[in-house]
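Subject: Structure handover and findings

Dear colleague,

I am passing the structure below on to you, together with some notes on what was found in it. Please read the notes with the model open beside them.

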Amino acid sequence: MAASSGPSGFAFDSGLEIKTRSVEQTLLPLVSQITTLINHKDNTKKSDKTLQAIQRVGQAVNLAVGRFVKVGEAIANENWDLKEEINIACIEAKQAGETIAALTDISSLNHPESDGQIMIFTDKTGVIKAARLLLSSVAKVLLLADRVVIKQIITSRNKVLATMERLEKVNSFQEFVQIFSQFGNEMVEFAHLTGDRQNDLKDEKKKAKMAAARAVLEKCTMMLLTASKTCLRHPNCESAHKNKEGVFNRMKVALDKVIEIVTDCKPGGETDISSVSIFTGIKEFKMNIEALRENLYFQSKESLFATLEVILERTEDFTDSAYTSHERRERILELATQARLELQQLLSVWIQSQSKKTKSIAEELELAVLKISHSLNELKKELHRTATQLAADLLKYHADHVVLKALKLTGVEGNLEGLAEYACKLSEQKEQLVEVCRLLRHISGTEPLEIACIHAEETFQVTGQQIISAAETLTLHPSSKIAKENLDVFCEAWESQIGDMSTLLREINDVFEGRRGEKYGYLSLPKPMKNNANLKSLKPDKPDSEEQAKIAKLGLKLGLLTSDANCEIKKWEDQENDIVRNGRTMSSMAYSMYLFTRGEGPLKTSQDLIHQLEVFAEEGLKLASSVQVFSKQLKDDDKLMLLLEINKLIPLCHQLQTVTKTPLQNQVFLKVDKCITKTRSMMAILVQLLSLCYKLLKKLQMENNSWVSVTNKDSMDGKT
């Protein structure tokens, strides 16, 4: 199979799953047609038109099998350990396809003595056997191909781990630059493979876990770069080493998580996260008590009591929290007591109904079931209000990131007393956010959202401590540019997670209120008035105008960034330079997107925008490749500066590609919002890249001119 090349120049095969899946999608509908054909009545005669249609189906199946076999053989040739198994399955598939084609070929049955009404499928058993063999062999090839993909991911992970070990031990700056360049290539390969795998996962829980692990790796790659550089610059600084070790440890855990997901292996002692969710417990408990209507012996009395007690014990996370108001705490305790009483009443009626099967007892049982269901629903509402209100208040309170700004300031001032004060405040903020994430997990409503809450909790826990160690390093070395840059990177990760938590809170509210999957109005869709009317019928308050204002604000910032990019482009003397051409194309596309947010320009619908974004992401990868080619002419320090920016751009391009291809259950606004946000981030990096490349190009030209001048002078002196 042909290998594709990533933006960093590393060749790898990212299309194996795509190729097998596309052929599978071609085969299976045709096989279902064959299944329909073989279920016809034995005495049914077919017209010429029907027979020709049958023949076309048989030929189409055979052709599709042929394409499938070619892909399978290509996979076999690249994987010698599975070659024999795959080839055998391919031979079986080919034989089955040829058999189906032969048995549906009307030319072999078209004898002169027939009256135009030909009996087909005289060997019906043969057709059935061929269809079964085809399905069996296709399944074998797909399963073997899946093993190949898993092996590729494991191999890629092992390469990343090996390079990480080398990075941990590196002592010289020059060696670090070389190894990190290789590490970047390997991470791009790993991102491609795991991204394809994530898109193919059917289990939403696994998909969410994969997304969380990949998010950790993506953010930690940048942290690893700056943390390692800080350690090399300040080798005797204990806080710098602590900071770096934290990044390496988190990346290793994330790499192990990915392998657990793709191999479907759980480490010993791992518990299912659904067991700690109150909402999941309530849902299962309600199903059990409602089942008593049909089967009075479905559950034991002890089992129901134990299940309810486990649920109510978990509500202590809310009642024991220092951030829960007195009124909310009292209400939760009151509803818990009421649920216990309702269960006792239900059990009393239930026991009577087992011995007395009368209409009145049945009605009492129904009423008891409804009462306890109502009590649990009220408890759910109160827990949801408590958690979401706490989260909203906390996010609003910390929206201006005062503590992070203060830590940066104390760092550059070398103020150790200020560091201690603000480090303590950040630790308090971290504990607040971690506790709120735990409460949100209880009321999230779906497994993917539970996993997102766990990911947010872990991120705040780890990143909070890493910010403090990075701030300590800067305070000890206040004039260090790399220590300042390192602290900035960790603070950006914190701010990014705060933004993600806002999105998470909104999604939890959508699930609870039954709005999941609704269509959002958007100001630049062709008929905004109609869309806004629909939106108002779904949402009685003002979110439509707020969403439009948010998009307009993002669009305005995007428009300003295109102006900045154009100013940088004008500085270049060589307007045909690859970097300039890629940058100009990206700026032009971004300006079209800016016009789209105002309801103007060539992009008329959200689908137009998505198509434009796909091309924009590809152009971003081309720019990264052009910049990387240019970086080969530079010295190590300058090369590393460019590498830092490239490694910010490439993940954003891949994220944008993923977002454009991932359906968000018709939530147009959410998809547009994410895409415009990613585009804005990419444009900010583009402006920096254009400026940096221009400065480095001028520096390179001056150095070359100086070398030429010195050489010419030496030549003249020699002649003299």
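Helix α19 (residues 578-597) and helix α20 (residues 606-631) pack with their axes 9 Å apart and at an angle of about 160 degrees; helices here are DSSP runs of H or I with at least four residues, numbered from the N terminus, and the axes are lines fitted to C-alpha atoms over the stretch in contact, with angles running from 0 to 180 degrees between N-to-C directions. The two helices α19 and α20 are therefore roughly antiparallel to each other, a term that applies to angles over 145 degrees. The crossing of α19 and α20 is left-handed, meaning that the near helix is turned anticlockwise from the far one by less than a right angle. In the contact of α19 with α20, 13 residues are nonpolar, eight are polar and three are charged, where Ala, Val, Leu, Ile, Met, Phe, Trp, Tyr, Cys and Pro count as nonpolar, Asp, Glu, Lys and Arg as charged, and the others, Gly among them, as polar.

Please keep in mind that this is a predicted model, in which local features need pLDDT of at least 70 and side-chain atom pairs count only at pLDDT 80 or more, while totals for chains, interfaces and linings use all residues. Residues are numbered from 1 along each chain as its sequence is written, and side-chain values use heavy atoms, with hydrogens and water left out.

Across the whole structure, a search finds 25 salt bridges, each being a side-chain nitrogen of Lys or Arg within 4 Å of a carboxyl oxygen of Asp or Glu. Within helix α20, E619 forms one with K622, and their closest N and O atoms are 3.9 Å apart; as E619 and K622 lie three residues apart in that helix, about one helical turn separates them. E619 is buried at a relative accessible area of 10%, whereas K622 is partly exposed at 48% (buried is under 20%, exposed over 50%, partly exposed in between, with a 1.4 Å probe and protein chains only).

Another salt bridge joins K381 and E378, with 3.6 Å between the closest N and O atoms, and this pair is likewise three residues apart, in helix α12 (residues 359-397). K381 is partly exposed at 36%, while E378 is buried at 18%.

A further salt bridge is formed by the side chains of K698 and E573, at 3.1 Å from N to O. This pair links distant parts of the chain, 125 residues apart, with K698 in helix α22 (residues 668-719) and E573 in the loop between α18 (543-571) and α19.

Definitions and conventions: Angles under 35 degrees count as roughly parallel, over 145 as roughly antiparallel, 65 to 115 as roughly perpendicular and the rest as oblique.
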